[in-house]
Amino acid sequence: MTLPLFGDSAFFLDLYSRYRRDPSSVPADWRFELETMEMGQPGDTPGSVPSSAQKSALFAEHLVSAYRQFGHLEARLDPLNLSSRAASAEIAGALERMGQARLRFTLGGEEVELDCTEAAARLGALYCESAAIEATHVTDAQSRAWLFERFEREMLARADEAMLARTLEAVLLADEFERFVGTKFPTKKRFGMEGAEATAVIIKEVMRSAASEGCQEVVIGGMHRGRLATLATVLNKSLPTLVAEIKGRDVTGGDPSFSGDVPYHNGLATTIETGAGALDVRLLPHPSHLIVVAPVAVGAARARQMARAPEGRSYAVLPLLMHTDAAFSGQGLISELFQLGGLEGYNVGGTVHLVVNNQIGFTTTPQEGRSSQYPTDIGKAFGVPIFHVNGDDPIAAAAVARTAVAWRNRTGRDVIIDLVCYRRNGHNELDEPRFTQPGMWAAIDAHPSLRTTYSAKIRKLSPAAQAVAEGRLQTFQQLLNHAFETYDSYRSNEGASETDIFKPDHAVRPLTMKATTGVDAERLLELTRTICTVPDGIDPNPKVRNFLKARLDSIEGDTGFNMATGEALAFATLLSEGTSVRLSGQDSVRGTFTQRHLMIHDRPSGRSAMSIATTARDAARFEAVNSPLSEYGVLSFEYGMSLADPNRLVVWEAQFGDFLNGAQVVVDQFIVTAEVKWRIASSLVVALPHGLEGQGPDHSSARIERILQSSAGQNIIVANPSTPANLFHLLRRQQRSESRKPLFLIAPKSLLRLRNCTSRLADISAGTKFEPILVREPKGACRKVVLCSGKIYYALSGALDQHKHIDDVALVRVEQLYPFPKAGMLHVLSRFAGATLVWCQEEPRNQGAWSFVRDVLVEELAFQAPSFVGRPPMAAAAGGSIDRHEIEQAGIVKVALEIETTQLLAAG
């Protein structure tokens, strides 16, 4: 059949074919055209011409769909009226087709019958005023229909006196706080909320709605903009403490290991009475590169969900993220975060994203900063509904907040609120925005404050509500004045419980290496049998079955177990002691180097099982997650989990150590500095496969030198274990030590397969522990000590075995690089007094641990500088030729042991 007007166009024939199979599969406007035009076509059943009621229903569906899909284009979203409202051709066309028909359709769950003018007015008021919605990209039809109905219901609901009072109170208090601080401290940066006071309204309404639906806790990742006002007026931070911080009082108490941070970076732990129930709130501290806090907060929320509701009720803890428009659209981390949100290993049951849309980024306009219409358009790629709301309409903002929380709790999916507002001041209060945006700030200067306009509105709507809000404002003013009068008496320990985000269960404590990590040999045998058992009904690949058998034989026969077995036993022993373990990373479940096989797959059915998970006791959980191809987002997420759950070993493994480069922001801004800045502790393990093997510069180096450069004040642990036993003890020590420090584990690659790299049961049995220094003693009097770290030891040791006449060289392995084992090194080297010292490494001279170890030996231990043997300085981490690598590696060993010399190497 050929439809009129369309002819034989392949596009339209395909469209019509899809329509005949499923009318809902084509857009509403095309469905309208096709339903209208096919009436009376040959082959149709008699009486197919639609009745007036059918036509009315079709018109109504088309009109409502047009407003739902395109209403945001005509919405009055910009409080400054700088952006023009574009007329929607689709809405105009739908109205034109209606003619004078009366329509029956449902709004907010109630059926209405309206003529054209009335319908346009009602739908326009819902979808084209100060709030709008984009949700036609939500693929699930049922959820989409529910969302539109809920949005309509919230927008149609009459604001009662209590809601008017609390929204006005939020605006008044935020404005008063900014006015007060601006007056008292005019030279201080505060990144004020002026122009975006509805932020406070939305945060309060989100928390109130969450509490009313059974939420117990909110984890917030925030931003600079409005941070201080949020702390003071929404989260009720101690005002004397906050004023003292703004003034610049030293909050560290003179502690050299505590630098503190600017007040608009600091976090808060508190309990809020929302009016619908109490909520525990954890506002995470954030750095200036503030978008990184988003996945950290979501990871923390997942850990808190597991702690609150082990059975998986994600609504118990709500993640709330606050962004600015420029960061949300400009940072690729947002895409990574949305990608994680739909994956089982990272799901938190939906996150509420609040984008404070300043309509500018520092001095960069939207036209310069993004190529999409809205800063929130990235959400469409992931099916995330988006609400836009005018920042000058707190009532609409509150309605949107309620709808957003309801969506999240119903669907378990993310939602975005785009609060379109402006900045009353520049990027900060000391910046002059009129240099670069004179037109925008002329409009801002002429625009009345929200406090003025909204107070006038509430005065007309409800004098009683205004009186309640004004009364609370007076009380707040008194508290502010008192705080200013008394901040000088502030002491650094005041308010400590508020800023200790995860205390007392995850306190910052001095680093201690004392921990019981050895395990009874019989227990180790029992656990090995468990983790090597193939579950009933699983027929694995024969190579996997042989792998498990070889692992079991190495323990039962005590013939020497390998690195992967040492790691597996560390996990299993912790699980059997009631400690949860989480491992994530690209291909980490099998292992990048085919070394783990934690998941056993059935060949016929594809079913899978993890025998190691059955070792867990006392509600402990084992998670092994193959992460997406992401380093920045995933590592940030795992770090957040480690912050919020001190009783879980969290391990993130890079596919190769070099790939840490892709997550360097979270390393610099959080992992190595969070303790000194914010007093938050983590036992996260960052596992970085490392070793130069001629496989090119991008699959070789964990960049040990960069990590060591970031070590100070016992902030992290950097270890390069070269035995399975030491790897076992390191992983267990992370959870058995009293202190919590991130561990940068320089993880093995070729040592996973090296036959000589094995340990015995006696090395990990009861009474044993991690050994930071390992020594191969010389057979005779010691003439030379070769210091090294990592796999180069096996090449050196193998050469000594081959050249038995060299009996006066000691090999000293440094297994822990930071904190450097100074006492142990003094003890070892004192035994070899007078011997020549050499540092030998496979990395180039400007990389690896050389510079760090040299400085410790010379400046802190007062030894003469050792000679260096290794590759000459290089820009890249390694070469790409296996032949050349092997020649160089052999040369390094020969020079270090004085077997012969070579000009290819940097020696001395």
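The model is predicted: local features need pLDDT of at least 70, side-chain atom pairs count only at pLDDT 80 or more, and totals for chains, interfaces and linings use all residues. Residues are numbered from 1 along each chain as its sequence is written, and side-chain values use heavy atoms, with hydrogens and water left out.

Aromatic pairs were examined next. The structure holds 19 of them. Rings of Phe, Tyr and Trp (its six-membered ring) pair if their centres lie within 6.5 Å; planes under 30 degrees apart count as stacked, over 60 as edge-to-face and the rest as tilted. Y127 and F148 pair edge-to-face, at 6.4 Å centre to centre and 70 degrees between the planes. Y127 belongs to helix α5 (residues 116-127) and F148 to helix α6, 21 residues apart. Helices (H or I, at least four residues) and strands (E, at least two) are DSSP runs, numbered from the N terminus. Ring pairs join Y127, F148, F151 and F387 into a cluster. F180 and F484 also form an edge-to-face pair, with 6.1 Å between centres and 85 degrees between planes. This pair links helix α7 to helix α18 (residues 463-486), across 304 residues. F180 is buried at 3% relative accessibility, whereas F484 is partly exposed at 27%.

A nonpolar core is a set of buried Ala, Val, Leu, Ile, Met, Phe, Trp, Tyr and Cys residues joined through side-chain atoms within 4.5 Å. The largest has 110 residues; F105, Y127, F177, M207 and L235 touch the most other members. Helix α7 (residues 161-184) gives the most to this core, with 12 residues. Another core lies apart from it, with 89 residues, including V292, L340, F637 and F868. Contacts of M207 (heavy atoms within 4.5 Å) include V218, V234, L235 and I272, not counting residues up to four places away in sequence.

Salt bridges number 55. Each is a side-chain nitrogen of Lys or Arg within 4 Å of a carboxyl oxygen of Asp or Glu. R402 and E154 meet at 2.9 Å, N to O. R402 lies in helix α15 (residues 394-411) and E154 in helix α6 (residues 141-156), so the bridge ties together parts 248 residues apart in sequence. Both ends are buried: R402 has a relative accessible area of 16%, and E154 has 13%. R190 and E194 form a salt bridge at 3.0 Å, N to O. R190 is buried at 8% relative accessibility, as is E194 at 13%. In the salt bridge of K749 with E693, the closest N and O atoms are 3.5 Å apart. These two residues sit in loops, 56 residues apart. K749 is buried at 5% relative accessibility, and E693 at 16%. A network of salt bridges links R302, R582, E623, E638, D645 and R648.

Strand β23 (residues 836-844) is mostly covered, with eight of its nine residues buried. Strands pair if DSSP finds at least two bridges between them. Strand β20 (residues 784-788) runs parallel to β23, joined by four bridges. K784 has T836 of β23 as its bridge partner. Strand β24 (residues 867-871) also pairs with β23 in the parallel sense, over four bridges. Here V838 stands opposite S867. β23, helix α30 (residues 850-860) and β24 make a right-handed β-α-β unit: with the strands pointing away from the viewer, the path from the first strand over the helix to the second runs clockwise.

How values were computed:
Buried < 20%, exposed > 50% of the residue type's maximum accessible area, 1.4 Å probe, protein only.
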